[in-house]
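Here are my notes on the model, as numbered points. Please read them with the structure open.

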Amino acid sequence: MERVATGDDEKAIKPLLEVDRVSVRFGGVVALDGVSFDLSHGQICGLIGPNGAGKTTLFNCVSRFYHCASGRIVFDGKVLTDIPGHHVAALGISRTFQNVALFDSLSVRDNVIIGRHTRCRSGFVANALNLRRARREDADLRRHANELMELLELDFVADRQVTELPFGLRKRVELARALASTPRLLLLDEPASGLNHEEIGVLSGLIRQIRDRLRISVLLVEHHMGLVMGVSDKVVALNFGRKIAEGTPTQVRGHADVIQAYLGAPA
């Protein structure tokens, strides 16, 4: 008897994110030149390349900060290039930034709660009058924030102002805030930047834990090769705006074009 394909089968086969021949130009500078790759459900994909390779430009296209000159980006069947940037978070895409951008005057808990507000449904009147649905939603915000702070081992600083925290913990708070919106795709922009060796080891474990426990796909831009090669299921390498390699960490690490891009010499 022939088995009928289910929605779960189709979800497993169809990529969550499809980058299809994306090109970006800034005046006469070609930042991306026909880049294509995809990211599957539950996959961690590392995006690597020397400075100026186009990694951050591609990130900014996926999060809709930049517009593509040509090509398209499809997320869960929806063409992102047709969607306004302020709708991206509601679709299920969240990101961190290379430079930590937190609300310094607020506590860790309140910074995480703010990240959840894209999922709020209570309006101004309900909140002003403290109606039941607003109280229920506020309780949900706090419960969800507490769960994330426990997952990322931030519960012991939950009520401290973020300016009091060391840099490594501040990066973790930003990660918790990005997760608060319950994304299906998490974009991590240089998460290891500024971290010491021990903190990078902790981050590596957290990225895997986030994927495994929260079932989130991760697109990771990072210069720290040990982190990328250690956590990624797949690696995509860019140079001068073009894709030069794609495959497992082992395949990409030994690729002649990747070696030449980083070392300036053939393998």
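1. Gly-85 has a relative accessible area of 34%, so it counts as partly exposed. This glycine sits in the loop between strand 5 (78-79) and helix 3 (88-91). Its C-alpha is 4.8 Å from that of Arg-64, although the two residues are 21 apart in sequence. Keep in mind that this is a predicted model.

2. The overall content is as follows. The chain has 267 residues, of which 48% count as buried. Its secondary structure comes to 11 helices and 10 strands. Among contacts between residues at least 6 apart in sequence, 67% join residues that are at least 24 apart.

3. Five bridges hold the antiparallel pairing of strand 1 with strand 4. Within this pairing, Glu-18 has Val-74 of strand 4 as its bridge partner.

4. Which strand is largely enclosed by the rest of the structure? It is strand 8 (residues 217-221): five of its five residues are buried, so the strand is largely enclosed. In a regular strand, side chains alternate between the two faces of the sheet. In strand 8, Ser-217, Leu-219 and Val-221 point one way, while Val-218 and Leu-220 point the other way, and all are buried.

5. Strand 8 has parallel partners. Strand 3 (residues 44-48) pairs with strand 8 in the parallel sense over four bridges, and strand 7 (residues 185-189) runs parallel to strand 8 and is joined to it by five bridges. Val-221 of strand 8 stands opposite Leu-47 and also opposite Asp-189.

6. Lys-55 deserves a look. This lysine lies in helix 2 and is buried, yet has no salt bridge. The nearest side chain of opposite charge is that of Glu-190, 5.3 Å away, whereas a salt bridge requires a distance within 4 Å. What does the side chain of Lys-55 reach at 2.9 Å? It reaches the backbone oxygen of Gly-49. The backbone oxygen of Pro-50 is reached at 3.2 Å. Leaving aside neighbours within four places in sequence, the residues in contact with Lys-55 include Leu-47, Val-221, His-223 and Leu-238.

7. A search of the whole structure finds two aromatic pairs. In one of them, the ring centres of Phe-26 and Tyr-66 are 5.4 Å apart and the planes are at 75°, so the pair is edge-to-face. This pair links distant parts of the chain, 40 residues apart: Phe-26 belongs to strand 1 (residues 17-26), and Tyr-66 to the loop between helix 2 (55-62) and strand 4 (70-75). Phe-26 is partly exposed at 41% relative accessible area, and Tyr-66 is partly exposed at 30%.

8. Phe-65 and Phe-97 form a stacked aromatic pair, with 6.1 Å from centre to centre and 15° between the planes. Phe-65 is in the loop between helix 2 and strand 4, and Phe-97 is in the loop between strand 6 (93-95) and helix 4 (108-114), 32 residues apart. Phe-97 has a relative accessible area of 30%, so it counts as partly exposed.

Methods
Residues numbered from 1 in each chain as written. Predicted model: local features only at pLDDT ≥ 70, side-chain atom pairs only at ≥ 80, totals over all residues. Heavy atoms only, no water. Phe/Tyr/Trp six-rings, centres within 6.5 Å; stacked < 30°, edge-to-face > 60°. Helix = DSSP H or I, 4+ residues; strand = E, 2+ residues; numbered from the N terminus. Buried < 20%, exposed > 50% of the residue type's maximum accessible area, 1.4 Å probe, protein only. Lys, Arg positive; Asp, Glu negative; His and termini not counted. Polar contact = N/O pair within 3.5 Å; in protein donor to acceptor, adjacent residues only side chain to side chain. Contact = heavy atoms within 4.5 Å. Pairing = 2+ DSSP bridges.
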